[in-house]
Each structure stands twice: as structure tokens, then as C-alpha cells.
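This report covers helix packing, a sheet and an aromatic pair. The structure comes first.

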Amino acid sequence: MKQRISKFWRRAKNALRSSSGNMNYSRRLARGKSLCFEPLEPRTLLAAAGLVDVGAQPVGELTGKIVYTHGGHGITGDFPSAGNWAFQRPLLLNMIEDLGNQDQMTFFADYLFRAGATVAPIRPVGHQSNEVVLDNDDVGVTFSGTWSDGAESVYFGGAADVPFREAATSVTETAFARYTPNIPQAGHYPVYAWTPSGANRATDQLYRVNHSGGITEVTVNHRRVGNGTVYLGTYYFEAGSNGFVDISNRSNDAGSIVVADMIRFGNGVGDVQQSGTTSGRDREDEAGLYWVEWHATRSQGIPESEYRTTSNDRNATVSLSPRFSEFMNREADGSLSDRVFVSFHSNAGGGRGVVGLHNTTQGGDTPNQLLLATLLGQEVNDDLVDQNGLFEHNWNDRGSNITFETTFNYGEINNSVINNEFDATIVETAFHDNQLDAELMRDARVRDALARSTYQGLIRYFNNVDGGATQIVMLPGQVTNVRAETASATSVTVSWTPPVANTFNGDAATGYMVYGSTDGYGFDGGTFVGGGASTSHTFTGLDPAEGAYYFKVAAVNAGGESPASEVVAAIPNVGTKDILIVNGFDRIGRTQNPVQAGAERVRPRQSNSYDYAVQMASAIEASSPALVVDTASNEDVIAGTVNLGDYDSVFWILGEESSADDTFNGTEQALVASYLAGGGKLFVSGAEIGWDLDNLGNGVAFYNGQLRANYVADDANTFNVQGVAGSIFDGLSFSFDDGSQFYDVNFPDVISPLGGATTALNYVGGTGGGAAIQFESGGVGQLVNFGFPFETITDPAMRNAVMGNIIQFFGIAAETGDFDQDTDIDGFDFLAWQRNAGTTGGATLAQGDGNADGNVDDLDLAIWTTQYGTTPIVAAATAAFAAAEQPSAVSANLDSTEFVAVAQLASGLNSSGSRQSNESALLSRNQGIEQIARPTIQQLENLRSSDLSSGVLTSHSAIEAVTETNSTASLERAFSELAEDDHWNLSRFGA
């Protein structure tokens, strides 16, 4: 009978899962699923449970402002001789100014976007070598609703192409154009729109960017800007065609039109030829001239004179950015006070610190150029001086000497090109021929500080020129001490420490945006938490079937949104705390920079992206999805906010953390030593742990005694490892990153075992030697210690395998109420527990030991009770459809359709559509349930004295509660009556 009932349940559940409209329909698109819509039907997306599908660009004090921005120079061709490509500035002190300027512009663009600005970059933003460009008449672009062909002289595309398509605006969406790229490789892609401007354009044309985390909406006023690339933000896209950008006609600007022309994903590799050759470099490394030229030569109605006035490319780059900014700028709408141009360079010729450039004496200045140069230069100078002591060197204080002009007009900010349409300046960030300044500019924290202070200077500029319409409110600083803690099988609490408000960090937060994700890279629309003093938010209604959830937090105020925090992970399940992921990798400095053409690039995603909990948690999920997993910063551990002893195991991320930031400081060493002494299990990985603790003497006793390792050498000179025979990694062979995926593991520690530990991995090639050790001893804890970072294992499948072996070695088991391991947590499982309740020492899962402590007791019953209540299909079906020894003809012959119908009824999914579609099987709601349930009632009564019937089936009263109505309330009543039934006698066990 048990086998027959189990088969019955599996058929019912499989049918329910495969049907449309079932309970699990609300799964995150990031899992590779897509939703299809009939044209113009309501398009409400279903988020992963607990997350928010649709978000928007932050609103701030720069909302409504247009900022044209540029990073000066870049590699150019045809100089000094035909066919030769060269940077405009030499390699000096590990810098090439051409590349540093683009890095600086990228940091700045991010601040602008988070302050609400419309960003028009004259050189590509960020780093993405792949590209997909879709014109309005390309395959991959579809239109819904009423669109017509446009007919103006300026548009992207060939002369024979449809110029663009247009649709009338509407308060509610009645038309949209969808641009669906085939993304060649998963990654973060800057997205751009190319749209011709015009007097009849919507002031709020809506772009809906659908990425792996959901949708982000961005609006652009194309009455004021167009005819070139406008930045829509950077987003994570999976490979393939799951993502898209919609151009919607939803608008508050009645009587206008929206225009669908071109959408670009990524920057690509340069292919503009000079003298028959190309640069062979990514577009972002090239001078902005080629970015503009690529688009202009594939467009109609753009004279060459709008972006170049000479065939000499090096000379042409000088006035390229103001010329094309002026072309993109539609001065007929709005005024000078709602747009501006800012370019970045670094200085040379002796000196230190920041300088703002202007043309005042020579007459080439824009209307408020000196004001702009002064406000930006002064803000950068003062803010960086205020941060002295925080960086490698102190910033040079230039006092009030922060502007400069030469004996000629700077071509890049010359009003003869700009024609009074906007103000313009060049920020010479620091001197790249000075050792101290060059080292500072190669530090990502300094580049971020320079971008933040330049943005803050812009707030002051606009406040001056727009009559105070722009309020002097600076977006907040970054939150710290972020952690995620599982609260239940369906909820996670995310906590943080509010940012400090001061002259350089920004103003106080008034609230927070907490973003969620199911892949750790694409985040949802965000959940707003009001109050600047708020420190936590609990996400509820999460779907355990989604596995790991990821979170990050940003502070907000009227100025905009702060940079996001590090990413934390949680796997919400029922049970005790299994694994704590500790993120101790805080370091980001110039020695971590990727190197290109001998120069360091300041690209944080290739140095420390602060999201390595993703690799850790995803590998845990792949191996053991039922574990309870939380994440905390190491600062939370130091502060005592998180107790290591609460967790069965601790997995500590140290990446390339080194002596400057402490791998383990004194407090951490004491806490970890205590945890291990108490029988804890520790997995720690990082490339500089031995270097810091053992070689530099910052914790020799701890490293040798608790981490049971001896530092041998600083660099294994290889990226390959192999499992030692007989170790937990026996048979495994894999590689870690050389910089092509995550970050370059420059100096992996060579280590050897001490104190009873044994070598688990050896380096292959290079100097050889030990790459990891393992240790176990009764009562003294267990340990796995890597000399390289776990998160940099390049093959995801191998990363999962390594993690699985660690979890198996530690003996970490998820708590479960599925004692008979048939995938159903049902009455059979309770029966197993009931029969063995009171067993102590050596009890098994099959006997009801759900928490693997060797005992069958109230703790195990609590696990069963909690998990039983979170499986609604089983809970409902147990009461409604239990078959007896001789099942009725109706129940014996139900097909899949009828299973779906019955399960829908019992689960409260009682739409009129589902009733009508299944009338032939069930006749009606009440009659259908009676056909199934009533014939079994007498048989159940006859079997009441059997343990089998009491454990698997239900009491007469419980079944009648279900047949009475198909509401959720009745199901709860059924379970309540079941618990009160004397035969089950749950009360004596504390249930």
C-alpha cells in the first residue's frame, strides 16, 4: 500500500509541476527561462519569489541634466607614419595617460548615472570586448503596436535602410520595440542607445533594459540629446538571447513620439582602419575619434566635419569630443544650465595635484568656464586632502592654485567649437610624471575618490548656474559590514552599517535600496528601506527551490544612490546553521591591477569585484542545496556581531588580502583559534595568508598551530594544481585564474603541512610544492587550507567538485524531515520518527534522526513539522487523495489531467478557468472531491488501528475538512485536526 500511495503522489506532483499555471510558475528569469507575451497584453513579469522585477535608474540632483564626458587621448593610427598605431602619451611610471583617462571617465560615468544624469560618453565606458549592435530593421528587432517608418535625414543605418521607426506616446503602453541580442559570452555589458533628436521627441523616452536580474528602466530626453551614443548603464547578461532592450511608448509627454533606431551592447574590438591596418585593441583603448567615426560612418546625415577637421588622427582627436558633443546637443530645447562637458586628463611637466583648465584670457572660454574649472578643481583638491592618511600617499594640497590656462586656447574646451551651448573644462587629475601622484592614480580607491569629488563639484556648478534649482545634496557613501542571515526556509535578513557622512564621503543617507539576485551578478529592481538609521531588512516569501540568493545594499538620499556594497549570499533552508561564508577580502590597490601594454589598468572587476561569495555559495548549492548558508564580512566577526560558534563550518574568503589589510588580525586569530578548539570546521583560501602571517611574522603561531601550515615560498609560478593520492582531492586536477576570468593570482603561496595535517593539493609545474593541506582530529576541529583563492578556480564544474569534497570531508549534512528519503516529507516520515522516538546514540536518518546528532527526539520532530508545512502539494494531497488497499475505480484510473485538477482544487488554486477546463474529469468542485475522497473514508476507518493508516492517511475529520471546501483555510484546519487526533498523539511529543 505504501508503494502504491507513493507512486500516486509522485504522479500527482509531476503532473502539477509540468502544467501551466502551477504554483511554481514564479521562477526567476535568470535561471534561463523566458516569458513570452502576446503583443500589448499586460506584461507583468513574475520575479523569483521575494524579489522585485522592475527597477529604474536612480533619481538624484542631476536628474534632467546632460553630461557629455570624455577620457582624453587614446591609441591612434597613421602617426607618425602610415600604418603605425601608437599611444599619444608614453609609458611612464607604470602608466599610459591615454588608458588612465578612460579608466577615470568610467568611474565618473558611474557616479553621474547614480545621481540621475543622462550620460553621453564620447569614448566607450568600462571594459567589454564583445559587442552586439542592432539597428531597427535588423533580425532580432520586433515591434508590437502601431509604429510607422521615420523619414528624417539623420539616422543610424545604411542609405537603403528604414531610417528609424516611431510611435505616438501614450500614458499607458500601447507599443514597444524589442531589441534582442545574441550575447556571445556572459558578462557585464555597457548598453547604449543611438536615437536621432528632434522637436517632437518625448522628453522621457523609456528604455527598458532586461538583464539577468530583471528590468531596469531608463528615460532620456531626446528633444535635447541624440544623434550619438547615450549610455543606459552597465548590466549583466547571460550568453544567448534571454536579455533585451524595449523602447516603450509609455510617456507622460502627450502629443510626442518615441523613436526606435539603434541599441548597442558592449564596446567591441577596434576595426576602424588607417592606412590598411587596425589597432588590434579594444575600442575603449582607442581614441574617442574611432568610437564616433565607427557610428558616424554607419549613419546618414553626419558630415565628417562634425567629428574631424584633419586627416591627421592625432590632431583630429583634440577637438573631436567638443565637436561631436555639440552635434549631439540640441540647443533649441532647454538651456546651457542643464548640460555640461567634462573631460579627464592627467598632467606632466613637474608638479603635483589637480588642475582645472580654462581659456579665459585667450577668449576661447565658454560662458562660465572659469567657474566650472574652479569648482571642480577646488572640490577635488579639498576632498582628497581631507582623505590624507587613507591612501598610500597624502594628496598634495594646491590651496587656491587649482586652475590653469596656457598661451593658446585648449582645443578640447574651445568655445569656437561649442558655440555657447554648454560649459566645458578639462580636469587634470594629477601629475603622471610624479612618482607619488602616479602611484595614487593607479589606486582604484583614489580613482573613485576623484570621480566622486568631480561629481560633487558638478553639483555645486549646477547650483550656481541654474538659480539654485539643483540642491547641494551629495549622494551618500558606501554602506559597510554587510551580512545575510537565513531566518527561515523562505526568508533572509540582510544587515549593514550606515555610511559616514562628511565633506568627501557624501551627505547622510535617508534610506537604502537592498537588491536581490539569484545569480549574484544581475540584480533585481531593489527594495526600498526608509530611514537613514535603518540597518536591516528581511526578505520574505523566498522560494527554496531557487537555491542561493544574493544581496547588495546601496544608501540613498535626494542626491542619488551610493556605490553598492559587497555581495553577500544566503541559502535559505530549514535547520541549524551549517556554513558561514566570511568575506575577508577587502584589499584593492595598485599592485592588484591588470597590466596592459606595460601599464596598469584601474579596473576593479579585474582586481577585487567584492562578489566572490557568488563562487563560494554557488558551489555549495551545487553540492548540497539543502544546507543553511549565511554570509558576513570579517568586520562583523571582529565586532562580535556574528558568532563563529553558531555554525557547523566556516568558509573564509581571503583572495589576495595581504599584510596591508591583514589576512587575520589579532582578534580574528583568537576567534578562529577558539572556534577550532571547540571542534569547528574551517575552510580558508587565499594567496597571501602564509606570506602575511608566517613570512612577515604577523601571526606565526596561529599559522603554524591553528592553520597547521608552514610557509615555503611566495610564488609557485604556476596556475595548475593536482590532488594528492589518498587526499580528499585525489583524482582532481584543475587550474586557477591568471587574470582571464576573475583576477590574476600573482603570488600563490607554496605551503607544507604541520601538526598532523597532510598535503591535499600540489602545484603542477613552476616551483611545485604544496598548494593545500587538510587536517582532522577528534575534538580538535577540521581544517582545509588553500595557498591560492578558491574563487579563482576557472572551471565551474571543477569548483563544484572541490567544494563537494570539502563538504563531504567536513561531514556537513543538511537537516531533513525526509527520513525515508523518498523525496516526500509526509506521514511515512512521521511514522518512522514515531516508531523510534527516544532512541539515543547512533540513530540513523531512516530512524528519524533528521539533524544527524545520533538521537531521535523533539528536535527531529520539529524539523519534520516545519518542513511538512512548507510542502503544500504533499500536505494537501495527503488529506484529499490517499488511496486505500482497494482504491476506488475513480481514484485508480485518474489520468494526468485529473491529477492536476484535483491537486489544484486541494491546493486552493480554484480559478474558474481551471474548474471549467477539468469539468469532464471532476464534474464539479464538490462532486469531484467526493468521487475521490468519500469512497476511501470507510476503508480508512477500518484501518484506523494500523500504524500505517495513521501515519500515511488521515483521520475522518481531516478528510472531511478538505472535502468541505478547497480553501487554504480548510487545509490549515485539516492539519490542525490531524495534530489534535488522539491516534497521532502529537501533543505528547511537544508538537
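## Helices α3 and α4

Helix α3 (residues 288–296) and helix α4 (residues 313–328) have axes that come within 8 Å and cross at roughly 65°. That makes α3 roughly perpendicular to α4 (65 to 115 degrees counts as roughly perpendicular, under 35 as roughly parallel, over 145 as roughly antiparallel and the rest as oblique). Axes are lines fitted to C-alpha atoms, for helices over the stretch in contact, and angles run from 0 to 180 degrees between N-to-C directions. Helices are DSSP runs of H or I with at least four residues, strands are runs of E with at least two, and both are numbered from the N terminus.

The crossing of α3 past α4 is left-handed (the near helix is turned anticlockwise from the far one by less than a right angle; clockwise is right-handed). Gly288, Leu289, Tyr290 and Val292 of α3 meet Asp313, Ala316, Thr317, Leu320 and Phe324 of α4. Contact means heavy atoms within 4.5 Å. The residues of this contact divide into six nonpolar, two polar and one charged (Ala, Val, Leu, Ile, Met, Phe, Trp, Tyr, Cys and Pro are nonpolar; Asp, Glu, Lys and Arg are charged; the others, Gly among them, are polar).

## Model and conventions

This is a predicted model: local features need pLDDT of at least 70, side-chain atom pairs count only at pLDDT 80 or more, and totals for chains, interfaces and linings use all residues. Residues are numbered from 1 along each chain as its sequence is written, and side-chain values use heavy atoms, with hydrogens and water left out.

## An aromatic pair in α4

Phe324 and Phe327 both lie in helix α4. They are three residues apart, about one turn of the helix. The structure holds 39 aromatic pairs. The ring centres of Phe324 and Phe327 are 5.5 Å apart and the planes are at 35°, so the pair is tilted (rings of Phe, Tyr and Trp, the last by its six-membered ring, pair with centres within 6.5 Å; planes under 30 degrees apart are stacked, over 60 edge-to-face, the rest tilted).

## Helices α2 and α8

Helix α2 (residues 97–114) packs on helix α8 (residues 444–465) at about 55°, with the axes 9 Å apart. That makes α2 oblique to α8. The crossing is right-handed. Contact residues include Phe107 and Phe108 of α2 and Leu450 and Tyr455 of α8. The contact divides into nine nonpolar, three polar and three charged residues.

## The sheet

Six strands form an open sheet in the order β1-β16-β15-β18-β13-β9, with mixed pairing. Strands pair if DSSP finds at least two bridges between them. β1 (54–56) and β9 (141–144) are the edge strands. The twist averages 25° from one strand to the next.

Three bridges join β1 to β16 (residues 214–220), and the two run parallel. Gly55 stands opposite Thr216 in β16.
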